[in-house]
Amino acid sequence: PAGQPPAGQPPAGQPPAPLTVDVMTDLSCPLAYLGLKRLSAAIASLGLDATAVRLRFHPVFVNPLMDPDGEEMGAYMLRRRNLSLAEYNDAAYPLNVAAAALNFSYAKGRRVIHPRRAHLAVAAAAERDRAPLYAALARAYFEEGEDISDVAVLLRVAAALGFERDELRLRRAMDGAEGELSRASRRLDPLVDAVPHFLVRESASGSGLELHGPLEIAEFADALRTVRDAAGTPPPADGFGLQQPPGMLLPGFGGEPTRVPTADRRGGASIVGLSLRGWEGPGAWPYVAGDFSREDEADDAIKYASPSFASHVDAAASASLTQAYSAYFGSVAAGSPLAILDTAASWTSHYPPLPAGTRVAVHGLNAQELAANGAATEVAVGDLNKDPTLPYTDGEFDVVTNAASIAYLTRPRELFAEVHRVLKPGGLALVSFSNRVFAEKATALWLSKIDEDVALCSVVRAFFAFGPAGGWRNVSSVDLSPHPTEGDPLWMVTAVKA
């Protein structure tokens with residue numbers, strides 16, 4: 001049936017399927033399950049079955065240090081995604097909307113599990129049985145709320161498919177699969193930044209397409225059709241699209257699609273950003289005054305009285321931000337000179353070379369650092385935590401930026417409303433940040449999420465949602481990190497003035 005994956009291999013005696021889809025996945029990730037459901041629906045929409053498409057599943061552990069006993073969903077979502085359990089289970093939450101479109105729903109009572117035992121059960125199965133077993137386990141966990149880290153549940157699911165029915169034999173087979181699973185996950189871990197991750201290939205040559213995230217059904221169908229129709233033709237020198245063009249199409253000025261070359265489509269912030277398209281955020285302001293307390297509550301003017309000329313991210317992250325800015329600034333329609341405001345600014349704004357006549361206003365705490373900012377055409381000194389009012393009239397700027405400073409702002413809701421006020425209709429707000437901060441000046445809220453990129457993005461999304469309410473559209477998050485594991489990470493949340 002549509003939405004259910006075909007068997008892993010064609011029936012015995014038949015030739016191998018002409019298409020192979022390798023799925024890098026984690027049995028505990030709901031986005032990975034959504035991706036599998038959409039892929040399966042795409043396969044069915046093309047009239048394909050196991051004789052045409054072979055699915056192979058490969059383990060990638062999103063949370064390898066997860067407690068073997070798992071974690072209660074509410075605590076996990078608050079820690080990792082900055083979402084309450086009620087928000088996560090709400091029918092309007094994008095993940096649940098996407099599930100409803102495929103005629104299923106996520107089980108609300110399930111715990112977050114460590115999926116190692118489930119992956120071992122799949123690895124222990126005969127190769128032809130792995131795809132149906134994976135699909136059955138995923139369905140049991142995500143739709144029925146079963147604990148698939150429990151061997152008794154694994155045995156029941158396997159037995160229902162006519163596979164292993166003896167617990168002792170299953171445990172021995174799982175023990176025997178430990179080496180294979182460990183080797184596979186170690187091999188894939190440095191290659192796959194986020195799940196789900198797909199390789200759609202022509203089986204004979206291995207040429208094909210690399211896909212990231214839970215794409216729409218039509219996108220999966222296009223990829224399958226492209227690879228199928230190219231079968232038997234020599235792959236071109238570029239490897240037949242095994243690597244997609246760098247970057248992502250993201251909303252620019254006025255919401256116009258803009259290719260941002262340093263955006264990593266595989267990063268968690270990017271994948272979750274795409275999955276949250278159209279979500280307006282929590283129903284009420286989710287923070288209390290204590291969330292914006294800081295270890296050092298002394299006047300910020302004291303710390304920033306003398307210029308430090310510090311670099312808040314390393315050179316590679318700065319270069320990535322500059323390239324992203326170049327793309328976003330370029331999305332502003334030609335006409336009157338470009339007008340940009342940099343808030344909480346310092347000696348560098350990370351801007352690219354700008355056209356003659358561009359207005360660059362910088363607003364920050366230290367006059368000497370602002371005077372050294374080579375991009376600035378005008379300077380304003382002010383403490384946004386004392387007074388978030390911006391000294392500009394309504395609708396003056398095309399773009400407002402804030403780089404590596406959001407962690408220190410104690411009145412973000414008021415500031416975001418001010419940013420909205422000074423932007424032109426369709427104007428862009430670009431808020432970028434890393435996990436590098438002066439901890440004594442960062443807010444308690446920010447420090448509580450500092451290890452989770454998606455949670456930090458969720459915090460900034462909430463600032464947009466209420467600064468002011470209904471004032472923004474096309475809110476997006478993106479990973480701009482130059483390398484997934486080395487150097488400073490960099491993320492950005494963007495929004496278009498409604």
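**Close-up views of a predicted model**

**View 1. Strand β7 in the lining of the second largest pocket.** Strand β7 gives 4 residues to this lining, the largest share. The model is predicted. The second largest pocket has a volume of about 580 Å³. Its lining counts 35 residues, and Tyr304, Ala344, Ala345, Leu365 and Ser405 are the closest to the centre. Two or more lining residues come from each of α12 (300–303), β7 and β8 (359–364). Sorted by class, the lining holds 13 nonpolar, 15 polar and 7 charged residues.

View 2. Most residues other than glycine have a negative phi. Alanine 344, in strand β7, has a positive phi near 50°. Alanine 344 has a relative accessible area of 23%, so it counts as partly exposed. Phenylalanine 309 also has a positive phi, about 50°. Phenylalanine 309 sits in the loop between α12 and α13. Its relative accessible area is 39%, which means that phenylalanine 309 is partly exposed.

**View 3. Helix α13 and its cover.** Helix α13 runs over residues 315–330, 16 residues in total. From first C-alpha to last it reaches 22 Å, close to the 22 Å expected at 1.5 Å a residue. Its buried residues are Ala317, Ser318, Ser320, Leu321, Thr322, Ala324, Tyr325, Ala327, Tyr328 and Phe329. Strands cover these buried residues, among them β5 (248–251), β6 (257–260), β7 (339–345), β10 (397–403), β11 (423–433) and β13 (491–497).

**View 4. Valine 400 and its contacts.** Valine 400 belongs to strand β10. Valine 400 is buried because its relative accessibility is 3%, and buried means under 20%. Beyond four places in sequence, valine 400 touches Leu341, Thr343, Val419, Val422, Leu423, Leu428, Ala429 and Leu430. Alanine 429 is 29 residues away from valine 400 in sequence, yet the two C-alpha atoms are 4.9 Å apart.

**View 5. Two cis peptide bonds.** Most peptide bonds are trans. Valine 195 and proline 196 are joined by a cis bond, with omega about 0°. Proline 196 lies in the loop between α9 (178–188) and β3 (197–202). Another cis bond joins glycine 467 and proline 468, with omega about -10°. Proline 468 lies in the loop between α17 (453–465) and β12 (472–479).

**View 6. Residues 235–243 and model confidence.** The mean pLDDT of the protein is 91. A pLDDT of 70 or more is reached by 94% of the residues. Over residues 235–243, pLDDT stays under 50. For this stretch the model has 16 contacts beyond four places in sequence.

Notes
Residues numbered from 1 in each chain as written. Predicted model: local features only at pLDDT ≥ 70, side-chain atom pairs only at ≥ 80, totals over all residues. Heavy atoms only, no water. Expected span 1.5 Å × (residues − 1). Buried < 20%, exposed > 50% of the residue type's maximum accessible area, 1.4 Å probe, protein only. Contact = heavy atoms within 4.5 Å. pLDDT = per-residue confidence, 0-100. 1 Å grid on protein atoms, 1.4 Å probe; cavity = no way out; pocket = protein on both sides within 12 Å on 5 of 7 lines; lining within 4 Å. Points joined across faces, edges and corners; volume = space filled by probe spheres on them. Nonpolar A, V, L, I, M, F, W, Y, C, P; charged D, E, K, R; others polar.
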